[in-house]
Amino acid sequence: MNYKLLDMKVFGDSRGKLVSLEGNQNVPFDIKRVYYIFDTLPDQERGKHAHKELEQIIVAMDGACEFVLDDGKTQEVVRLNRPDKALYIGKNMWREMRHFSYGCKLMVLASKHYDEKEYIRNYDDFLKEVNK
């Protein structure tokens with residue numbers, strides 16, 4: 001499985017806490033794009049795609065959700081619910097997001113700019129791609 005949970009170093013004192021995200025440092029790639037997901041209702045699902053070459057770091061800035069990660073052979077479920085934990089998802093990993101808490105906010109750092117040709121949006125096509 002091409003994913004891992006990362007413990008992000010937290011700096012803090014009586015004023016609050018800070019986590020720094022730096023490309024090619026604690027983020028294992030050069031950051032090309034940042035976006036965020038919010039206002040997803042608990043009964044909605046998102047994702048349902050894979051990326052051919054793109055790598056991502058995902059942080060639950062507020063709230064929680066669940067990721068179903070699939071490499072074409074194995075599925076694993078990962079729950080994100082803390083801003084000091086980051087989910088790294090590598091290339092050729094099918095992902096589905098579900099069970100969003102009210103107010104969940106996800107921040108995503110990506111290794112590439114948006115490119116629709118980079119997406120695999122059909123699960124059968126994904127299986128063909130990873131089992132070549």
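## Salt bridges and their surroundings

In this predicted model, the side chains of Asp30 and Lys32 are joined by a salt bridge, with an N to O distance of 3.4 Å. Asp30 is partly exposed, its relative accessible area being 41%. Lys32 is likewise classed as partly exposed, at 40% relative accessibility.

A salt bridge also links the side chains of Glu45 and Lys48, at 2.9 Å from N to O. Glu45 has a relative accessible area of 45% and is partly exposed; Lys48 is partly exposed with a value of 39%.

Arg98 pairs with Glu66 in a further salt bridge, where the closest N and O atoms are 2.6 Å apart. Arg98 belongs to strand β10 (residues 94–98) and Glu66 to strand β7 (residues 65–70), so this pair ties together parts that are 32 residues apart in sequence. Arg98 is partly exposed, with a relative accessible area of 26%. Glu66, at 15%, is buried, because the cut-off for that class is under 20% relative accessible area.

The table lists the distances for these pairs.

| Salt bridge | N to O distance |
|---|---|
| Asp30 and Lys32 | 3.4 Å |
| Glu45 and Lys48 | 2.9 Å |
| Arg98 and Glu66 | 2.6 Å (closest N and O atoms) |

How many salt bridges does the count come to? The count comes to 10 salt bridges, among them the pair of Arg98 and Glu66.

Technical notes:
Residues numbered from 1 in each chain as written. Predicted model: local features only at pLDDT ≥ 70, side-chain atom pairs only at ≥ 80, totals over all residues. Heavy atoms only, no water. Salt bridge = Lys/Arg side-chain N within 4 Å of Asp/Glu carboxyl O. Buried < 20%, exposed > 50% of the residue type's maximum accessible area, 1.4 Å probe, protein only. Helix = DSSP H or I, 4+ residues; strand = E, 2+ residues; numbered from the N terminus.
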